[in-house]
Amino acid sequence: MGHDPTIACIVIAHERRRDLLDEQVLPSVVAQPFDEIVVVGQHHPGDGYRYLHVPPVLGTTIDALIKRDTGAVATTADVLVYLCDDHRLHSDFL
């Protein structure tokens with residue numbers, strides 16, 4: 001018999017958008033019934049999510065790919081939702 005799939009949200013964070021992430025993006029994510037939330041990049045620990053510090057490597061879009069892959073490896077969820085740090089979720093996303 002199968003199980004209900006687990007869903008994780010992986011948020012790719014850049015230091016320059018810290019306020020936007022704290023004030024708009026993360027509240028929209030934490031309000032959803034995700035099984036796990038992982039913030040990857042340059043941010044800070046907080047309530048409702050796990051934080052993985054991953055500093056910039058090349059200063060290009062490759063850094064976002066590195067952060068995305070780091071988040072994917074860090075979770076065992078069946079379904080992954082990737083979110084950039086300048087996009088928030090609709091209140092009934094899930």
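**Charged and aromatic contacts**

Visitor: In this predicted model, how far apart are the closest N and O atoms of the salt bridge between R17 and D86?

Guide: R17 forms a salt bridge with D86. A salt bridge requires the side-chain nitrogen to be within 4 Å of the carboxyl oxygen. In this pair the closest N and O atoms are separated by 3.7 Å.

Visitor: How many residues apart in sequence are the parts that R17 and D86 tie together?

Guide: R17 belongs to the loop between strand 1 and helix 1. D86 belongs to the segment after strand 4, so the pair ties together parts whose separation in sequence, in residues, is 69.

Visitor: Which network of salt bridges includes R17?

Guide: The side chain of R17 also meets that of D85 in a salt bridge, at 2.7 Å from N to O. Here too R17 is in the loop between strand 1 (7-13) and helix 1, while D85 is in the segment after strand 4, so parts 68 residues apart in sequence are tied together. The network of salt bridges links R17, D85 and D86.

Visitor: Is D85 buried or exposed?

Guide: Buried means under 20% relative accessible area. R17 has 23% and is partly exposed, and D86 has 34% and is partly exposed. D85 has a relative accessibility of 0%, so D85 counts as buried.

Visitor: Over the ring of which residue does the charged end of R68 sit?

Guide: A charge sits over a ring only if, among other conditions, the charged end is within 6 Å of the ring centre. For R68 the distance to the centre is 5.8 Å, and the ring belongs to Y82.

Visitor: Which residues form the aromatic pair?

Guide: A search of the whole structure gives 1 aromatic pair. The pair is tilted, with 40 degrees between the planes and 6.5 Å centre to centre. One partner lies in the loop between helix 1 (18-30) and strand 2 (36-41) and the other in the segment after strand 4 (79-84), so the pair ties together parts 59 residues apart in sequence. The residues are F34 and F93.

Technical notes. Residues are numbered from 1 along each chain as its sequence is written. This is a predicted model: local features need pLDDT of at least 70, side-chain atom pairs count only at pLDDT 80 or more; totals for chains, interfaces and linings use all residues. Side-chain values use heavy atoms; hydrogens and water are left out. Rings of Phe, Tyr and Trp (its six-membered ring) pair if their centres lie within 6.5 Å; planes under 30 degrees apart count as stacked, over 60 as edge-to-face and the rest as tilted. Helices (H or I, at least four residues) and strands (E, at least two) are DSSP runs, numbered from the N terminus. A charge sits over a ring if NZ of Lys or CZ of Arg is within 6 Å of the ring centre and within 35 degrees of the ring normal. Buried means under 20% relative accessible area, exposed over 50%, partly exposed in between (1.4 Å probe, protein chains only).
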